[in-house]
Structures are given as C-alpha cells and as structure tokens.
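Reader: Hello! I have a model open on my screen and would like a close look at one chain, how it is built and what it touches. Could you walk me through chain B, in plain terms?

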Amino acid sequence: MPRLTHHINDHRLTRRQFAAALASIFLPVPATAEPENPRIAVLDWGWAESLLAVELRPLAVAEAPLYRDRVVVPALPEGTIDLGLRSWPNMELLRALKPDLILSQAGYGVSPERLIEIAPTLALPLYSGARQPLQAAENALKEIAARTGRDEIVKRYLDNSSSRLDAIARDARNYDGRPLLIIKFTDDRLVDVYGAGGLFDDVLKRIGIANAWDGPTNNWGFATTGLEAVARYPEARLIIIEPGPPGSFLQSALWQALPAVRHGRVSMIPPTWVFGAFPSAMRFAEILRRGLGIA
Amino acid sequence: MPQILEATGTQTISDASLFTLEQATVSAGARILLQPLTIALPARRIIGLIGHNGSGKSTLIKLLARQQPLTGGTISFDGKGLDEWRSRPFARKVAYLPQQTPNTAGMLVSELVALGRYPWHGALGRFGLQDNRMVEEAMELTDVTSYRDRLVETLSGGERQRVWLAMLVAQNADWLLLDEPTSALDIAHQVEVLSLVRRLTEERGLGVVVVLHDVNMAARFCDEILALHSGMLIARGTPEDIVTPNQLQAIYGTRMGVMRHPDTGHPVSYVR
Amino acid sequence: MSIRLMTPPRICALIALMAIALYAVAIGDRVPFSDVPRTLWQPNPASFDQIYVHFSLLPRILVALLAGGALAFAGAIFQQLLKNPLAEPSTLGILSGAQLAITLLSLSAVTVTVGQREIAGLAGGLAAVTIVAGLAKKSNFAPMTLLLCGMVISFSAGSASVILALFHHEYLRGVFIWGSGSLIQNDYSNAIALASRMIVLIPLLLLFYRPLTIISLDEAHARGLGLSPAGLRAAVLFISTLLSATVVARVGVIAFVGLAATSLARMAGARTLRQRLLWGTLLGSALLLLADGLVLVGAPVIGEVPTGTVTAIAGALLMLVLIKNVPHSIDHANTDVLAYGTSPVGGRHVLAGCLVIAIAIAGFSLTEQLTVSGVDPSVLFAGRWPRVLTSASAGAMLAIAGAVTQAVTRNPMASPEGLGISGGAGLGIIAAFFAGGMVSPLLPLAGGISGAVIAFAIILIVARGKSYAPGPVLLSGIAISALATAMISLIVASGDPRASYILAWTMGPTFRATSIVAIIATMLVLIGLAISPLFRRSLEVLPLGDSTALSLGIDPARTRMMLLLFAASLTGVATMIVGPLSFVGMMAPHIARVAGSRRPASLPLTAAAIGATLMIASDWLGRAADFPYEIPAGVIAAFIGGPYFLWVIRSQGRYASRS
C-alpha cells in the first residue's frame, strides 16, 4: 500500500521535525534573531502558496505531506510542521507552537473565534459568496502583507504578476478565439468542468479567453457531469487537466465522437491546484499559454 | 386469614365486584373468535372455562384481562366499563397469568414475586413494609419461601408456576385470571397448583376464572363451568350439570361416558 | 386501485412503461424519431448524439436491466434461504463489505483494473456474508438477529470507508463516485460482463430450486427429507453473493432494489418461490430502469445524481412502509432475555471499580505528554479538559440510552445507534451544511438536533401501529441509517472540498468540544442519571413481556414510548458529540451485566461509568494514534465495538443452543 505507508512515514518525519521545532521554541533564542520572518501557522494551502510566493516561510501547514503531493509548486521547505487535517487541525499542536499568526480560509474549517484564543488569526475569504476567487486571492495577499509588514514585496509580486498576465493576454490575441472547456476526469465516466466562481474562470476572463461552460457550478466553481454535456459545446476546445482518462477510453467510440476530439481540438495540461490562490492562478495562466501554443 | 384483609385495609370485596359482558364479540377479519356473549361472572368462586382447541376460551379470558380488545359489545367490571379503568387501579383488582409465562433470566424468586406489588406502589412509590409483608405472605402461602433466593429459571415447571402464582397473590387482587395454568405440568403438579388456587379462593375470597384443558380437573376444582364451542357459549352450570355424556358430546364432539369418583363423588368422564 | 387489480405482470408492465417513456424522452432529446432505428443498429460516427445513444444510453439501459434483475434474483434467493422477507444484498452487509474492500484496494494500488475490482468486491462481499451467516447460525437464523448482524457489518464497513475518506478524500473521490452507484456507461463492457456472469450464475442457482422450496419448512423436516441444510446454505449463499458482488464491482452500491422488487412481487400476489423469482427479477429490472430513467431525465435540472443514491432513498422510505407488513415472527422473534451475569460481585463494587478506572484514564489523558512535550501542564489541561469531559458525558449518555433501549427492545444486542436517531442526526448535519454552508457552527448543531427529532418522529409514527414493538423500531432505524450512509457517499463523490469537514462533523470529533459544550453535556448526563430511577420499575417489568406488564398495571405501549423518548434524547445529544456510530451504547450495558451488575436499578449507573471510561480511552487513542491527525473518538470506539458486538452475538448464540 504505497500511499498509506507514505502517509505514515510522513507522520514520523513530522514528529521529529516537530520536536526540533519545539526545541527551537524553548531554546533561549534572542528575540531579535529573525524579526522579519514571523511564525505563521497556515490552515489553507491557498495561503501557504501565497506566503511562499512572497518569500515568507510558513512555520506549519495543515496536511503538509499532501500539499507536496497535490500543490507541488511552490515547494514547501523542509522542516515545515504538519498541523493535521485542514478541516480539523490539531489544536493542541497549534497551541504548543504559539504562532504569531494563524491564516485560515473564512467559512472553512475551524471557526476564527476558536483560533483567536490561540493566536492572532486572519480568516480570509477565497471561495465565498462573492464568487471571485482571483480578486479574493489578491486582496488576501495585500492583507497578509499589511499584517506582516511585507507591503513592498507583495506589491512587487502583484505588479510583476499583473504585467505578466497582461503579456499573456496580449499573446492570447493570437489565439483563434475558440471558447475553452476546462475539464478534469474524476473517473472514466464523469468529468469536472470548471466555470463561473472558479479560479480558472477568473484567469480566463483576465487574459481575455472565453470559457465555453455556461452551465451552473457549485460554490467552488465547478460542475460534475457526463461527457454528453461536454458534447453540448461542439465549437469548444477541450483542455484536459492531467491525468486524463485511461488509454483504452481514448480509443472508445464515444470519446472519438466528441466534436472537439474529431476535429483535434484537445490539449492536455499538467495539473494545477484547483482550489488555490494567486500563485495557482499564475501557474494556470502560464501552463495554459504553453498548452494553447500562443507563447 | 381475616387479619390479612384487615391489614391491607384497601381490599374490599363487594358483590358489585363482578364481570358483566353485554354482547361481547371478537372477530379477526371475517373470522369470529367469540360470538356475541352476554353473561355475568360472580365473585368469590372458581369458574372454569372448557372447550375444544379454538373454542374461544383463551380469547374470553384475555378479554377479561384486557389483554385483547373487544370488537363489539361491552364488558364492565365493578360497574365500570373495562376501558374506563386506568391501568394500575385495574391491576389492583384483577391479576392475570398468561398461558406462557415469559423467560425471566437473571431474576430471583423474591424479586419476581415483588413485582406483584407494582400496581400498589407504582413507578415511583416506595416499596414499603406493607409491600414487603405482602410478598412474604404470598411466598408463604404458595410455599415458595424455601427457594426465595434462587434464580427463577433454575426451578422446575411446577415450582416456577407456583412462583408466578405467588406474584399474582402478592398483587393482592380480587380476581385471578389463569390461562391454562397447568398445561405444562404433570398430574401431581396440576393438582398441587389447582389446590393452591382452591385454597386461595376459600381463604381470601378471591374470584378465579381459569382455562382448563382437562374436564375432570375442572369438575374437581371449579364451582362453575362455562363450556364454549366455536366461539359460542353452549353450556353453563355446576360440574354436575356439565359433566354429562350429552353435554360432553356437544362440547368435544366425541362420545364420552361419566362415572362417580369413588372418594369424592365428583363426576369423572372418560372417552368411550 | 384495488390490490387485486395489481397482478405481477401488470405492475411490471406499468413500471417498465414509465421507464421506457423516460428513456424515450432522453433519446428523443438527442436523436429525431426517424433516426432512432438506425441509431440503435448502426450509428453515424459523425453524429455525437447517435454515438452517445448507441454507446452510452443503450448499454446503460442494458446494465440497469441486468443489475436490477441480478440484485432482485439474489434477494429472492436470500429471502427464501434465510426465511427472512427483508434479506437482500444490502441488508446482509454484502454491498458495504464489497465497497470497503474495493476502497482499500484503490488506496493500495495506483491503478485498479475492473478485474481487480471484481475480485476485491467478491472477497469483501463473501467476508461480510460469511460473518453475518456465521453469527446468525448460532441463533438458527432468527430474522432479527440476522438483520442486526447485517446492520452491524454494514455500519462497521461503512464507518471504515468514511474514516478512510476523511483522510484520503482527495484520492478516493473516484471510488466514492463508483460506490454511490452511477449507471453511466461509455461502452458495452459492463453490460457484457454482467450478462455473461448472470448466464452462468442464475442457472446454477436454479439447480437448487427444489431444495430451496423444502428448506422453507423447518430444518428437521428438511433433514428428514434427505437434505443437508448446512451444505445447501453454504452453496447457495456463496453463489448468490457472487452474483451480488459482481453487480457491486461493475456499477457500485445499488441498495434496496432486491428488497423493493421482491416485496412488490409478494404484495402483488407472487406466492410461490417460482413466481417470486420470476416476477421479482423482472420487477427488479423494471424498477432500476425506472430509477435510472428518472436520474437521466432529471440530470439537466438537478445535476448528476448517482442512481444508487435514488434507490437508497426510495428503498429506505419503502422499508419504513414495509415494516407494517413484516410478519409477526419478526416483531416478537427476539425474546432473548438480557443475559445478566451471575457473578457474585455486587453492582456497587462494579460501579466503584469502573469509576476508579475512569478517573485513572481521565487523569492520564489530561496530563500525558507523549505527543507534545515541554508544554506547560496547565496549558495542556486547559486544552484537554473540555474534550475529556465531553467524551465522558457522551459515553455515559449512550450507555444509559443503551441500557434503556436493550430493555425496551428486549434485545441484548440492541444499540441506541440502531434506533436511527444517530442516522437522522447525521442527515440533519449534512442538510444544514448544504442549506447554509459553514456560516456558523450552530447551524449543523441545529440541523443535527432537528434531524434526530424528525427521525424519532418517523420511528414513532411507523412503530405506533405495532405498539412500539422492538422489531419495527429497530427496522426503522436500519432504514434511516442506510439513508444517512447513502448521503455521505454522495458528499464525498461530489468533490466538494468541504467533504472532510462535513465527514468530521458527522463523525462527531471530540476535539471540537469547547468548555461550554463540556459543561452542558455534563449537566445533561446528570439530568439523565437523575431521571433514570423513574424508569427503574418499568425496566424491570418490560422484559417480562407485554402480558405481564399489562397485568401489573403498566401500559406497555405508552411506557415503551416514554422510554424510547428518553433514550432518543440522550442518543441525539451524544451523537452530536461523538458521532453516529460508536457502539458504546451496546457495549457499556453489556459489559456492566457481564461484570455482575444484575439489577435494572443499578445497571444504567454502572453502564454510564463504563461508557464514560470507553469514550475517554477512545478519545485519547484518537488523539495519540495518528498525531497530529485526530481520529474522531466515536470511530475509535466503533473499531473496538464492532468486534465486541460480533463476540457478543457468538456467545449469545452459544447460550441459545445450550438451553
């Protein structure tokens, strides 16, 4: 059982790292040793990648091993403490770590009222009723900046990102303008289609490419559906987030009959964290640029 | 034992304490278990119910015990409709022993007998000295005191039946309704149990309705016999009246003869 | 419509017609009427709609017909073999067993082929049915015992699946999509596989037709006619399980179709085994087709709902209706009296001993520094006392509820969790999340409480006609719990990132407890303990049966209702704290009796102390076992409780065969 053992090993590792971290807490370290690197505990991967993007090292991240598996980039530094489940982090560990700041996603997991008892807490919205995750992610970065005194770095990061997105949007004018259907296979029968309220949809809007999917989506901006719904958009180009369906499925009559497949309008792109924040959005934009060949 | 009657103070057996049935009927779907029956059952005597299997004798006794609802007619007890009685007051007047006594795993004899006091103290009332004395007397009377601390399930069939009777005695009701109390017992135990019932009637003035399979036992111990056939009361009278070749033929549908008991003179029947 | 107008062929035709109408709508939506024949035989490869109808909808129809038929056929066989009108693959635990095995397989291998899935499903299904049958054999396949065993196996397998999902929901989504029973097809492979297996297995089972008719007499007769009941049972169980597990592996968990089809057939007058097999199977096909047609036509409006979810919901409702048709034997089948211990140790000593152990474990749990070190003990204590106190309270509440439930149902294996209250609370929590999201933790709390109340009301309504007899009460519980399980599958399958949060909520993690929760819970336990003496005498008398109770002046129906209300309130609150499935309510009173607490008066108290001990220990284990990940205490208790339950049934059976 590779995955299970992997999981358990990670815990052992974590416990050792944790002991090291604890030792560092109780060793007489001068208070002024690292003034500009606050000790931040992160309960949401979106904020974890956001911190890393602006050169802040999180002290602890919930489900750190799974982050390395699912979000991958930006990589978590060695020694990051695992806090347990994102939805139910280990409160005792959190208490023991005495972080300077806790970052959580508003409306998800432990309520901020309980976190505040342990340390100052920022519960920032990302996937919320506003349904604009990209904007929310940008706002969150600014708030984190304000709280940690990193306004300069964050401003630089956002400016760079903005001009990068502008550049991609310019490149996108070379694209043939076909609307995109961004899908991910959940098994060999159903797909998730990303639409309004999702991060990918916001990125498409920002770089001026149409999203074909106009159907309803859930709180996180996707809908799960069969292939027949995909066929309802014959003009669209299919963007498949890897891993795609099994090879045998790609040979099936049903797949071959999809208008986009028949006309060769299918691209595979490497995976991006689907429920991420600003760095995930940037990564998706870059990947899409390469995937569409508009570079 | 008149002093018991005095001691309880609550027990007053009046002539009104009787069952009156008025066109009482029980049917299940199209099947009629008990034809409309109008009858009065007087107190302080043993009334035997006899009849073939499915004649309605069990149905009738369950009706009296409120274990089964009427589908037609009325029954009143002590001048009040049966369904007007509240559970506990009724249980203080009428005690019922079902045909099959339930499993009592884990219960001691004394504990089971003490349950008979429930109608008197209820869910919350204290189990007082009075209750204690009634339980002791009931065990004494039924001769089960010697195994009071044994588990009920370890007793023999006859002993167990006596323990259940003790519970009914402790209940201190005016009426005992017994549904085939002797069915699982050998001859000696049958006599033992029925003698006990007889003694209770005589000493405490209880009214008893008892379902019996054996017509000779009924003749030996009952004051009065009701004979049922296909849900209908076909004969009522003293053992002398009922235990005759003609009546028995009508009741059981088989030819029977009758002779005298050489010692007691009771009528004794036999199959021809 | 009078019941006589409803002959099996007519009902079958009616349902099939409705299903065909739905599919006609779905196909007509894609292909114009004139093109339909061509589409069926030789679709135009350039037309996606024609290809879709040919390669997706047609196999889907075939799979629905085959799977429904197979499950109903297996159900009819199980019912005949086990003489239990409620037996079917899901109530026997086969479907959950297979699902758990396949979930484990998916976690251990990177890619899983259909063949591997089939083997895993088979192994899981066989394991489940072997345990259930092995346990029920001891009580000579008494219907209630059989259903209880099936329920516990289902619950245990289900909770194991949920705990796996809690930690691996990102990986397991595909498994749960499959597990929730979607009939979507992309080619003919499943249809061909199902058909080929059914062609072998169904005739094989039909070879047993005559022995199966004989076994409906009792075993002595069967033996007298030269039949080996044990051999027959083993062979038939094995083959029918193969048939059911094949369906699970191919299309996922489709619960209750077998039950619905065979019950409908019986109600319509299919009397003999031959009639029930024939019409049950056809009705199974028709019913699943109808359910799938509804899902298909409804998909554009309400989104992709797995067909298995629809059958679980419809089936659970049906089961609630069917309860009133359950034959008498089931209502009163289980009159096993509670096995009181005969140990000389008095109840008071047991109670004192339990309290000492409870305090010792609580003290350890509050102060140990195995997972975190160098932390100020007062900080540890401040963080831990609410959860320890809350766990103890929940354990005590479940134990009291269990003692009461077991007396009321006259069944030593009954568990308050089985009343359906817990399932109802779980459903309420899920509903609250879907209705209001994660706005406030009060919302799921309110949802859980209303769910528990509604579930209880349903049980009362269903069981009222039967004067709250034990059997129907337990059966309504099974139905409601099955519904809750189906909803949980649906959530994981939805891919909602909140899945693990919702799962954790429904599992009732004690680490969520705050000091206010702890104090409220403790007060409720004290109130419960204060009230319980009021029920002491009822608890003594009720196990002696309704006749005795009635003759002592106790109204059994009303008393049972009051007691159930009491047990349900405690269970509802405890479920909010430790989740729907801990088996503590079953274990604690049982341990108390075995330890020698014999009297109904002292039993709730002793059981409460034991329940509290179990829960405190589970809470600590859940905290330490997988640090920093917390396993809900209820789940840990269930892992202890499942095996304990099985052991109890085994020893109960031995009692029965000895006496």
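Author: Happy to. Let us begin with a term: a residue is called buried if 20 or more other C-beta atoms lie within 10 Å of its own, with the C-beta atoms placed from the backbone. By that rule, 42% of the 272 residues of chain B count as buried. Please keep in mind that this is a predicted model.

Next, the overall form. Along the principal axes, the C-alpha atoms of chain B fill a box of roughly 55 × 45 × 35 Å. The radius of gyration of chain B is 19 Å, which agrees with the value near 19 Å that a compact globule of 272 residues would have. Within chain B there are 11 helices and 12 strands. Taking the contacts in chain B with a separation of 6 or more, 66% join residues 24 or more positions apart.

Now to the strands. Strands of a sheet pair through backbone hydrogen bonds, and they do this in a parallel or an antiparallel way. In chain B, four strands make an open sheet in the order β2-β1-β4-β5, with antiparallel pairing. The edges are held by β2 (31-41) and β5 (80-81) of chain B; each has a single partner strand, so one side of each has no neighbour in the sheet.

Strand β11 (residues 256-260) of chain B pairs with strand β12 (residues 267-271) of chain B in the antiparallel sense, over five bridges. Within this pair, V258(B) has S269(B) in β12(B) as its bridge partner. The two strands β11(B) and β12(B) form a hairpin, and six residues lie between them. In the turn of that hairpin, G265(B) has a positive phi of about 85°.

Finally, what does chain B touch? One contact is with chain C, and it takes 20 residues from chain B and 20 residues from chain C. On the chain B side, α3 (87-93), β6 (94-97) and α5 (118-121) each supply at least two residues. The largest share of that side comes from α3(B), with four residues. Sorted by class, the side of chain B that touches chain C has 13 nonpolar, five polar and two charged residues.

So, for a tour on your screen, you could start at the open sheet with its order β2-β1-β4-β5 (chain B), go on to the hairpin of β11(B) and β12(B), and end at α3(B), on the side of chain B that touches chain C.

How values were computed: Residues are numbered from 1 along each chain as its sequence is written. Chains are lettered from A and ligands numbered from 1 in the order in which they are written. This is a predicted model: local features need pLDDT of at least 70, side-chain atom pairs count only at pLDDT 80 or more; totals for chains, interfaces and linings use all residues. Two residues are in contact if their C-beta atoms, placed from the backbone, lie within 7 Å. Ala, Val, Leu, Ile, Met, Phe, Trp, Tyr, Cys and Pro count as nonpolar, Asp, Glu, Lys and Arg as charged, and the others, Gly among them, as polar. The radius of gyration is taken over C-alpha atoms; the globule rule is 2.2 Å times the number of residues to the power 0.38. A residue is buried if 20 or more other C-beta atoms lie within 10 Å of its own, exposed if 12 or fewer, and partly exposed in between; C-beta atoms are placed from the backbone. Two strands pair if DSSP finds at least two bridges between them.
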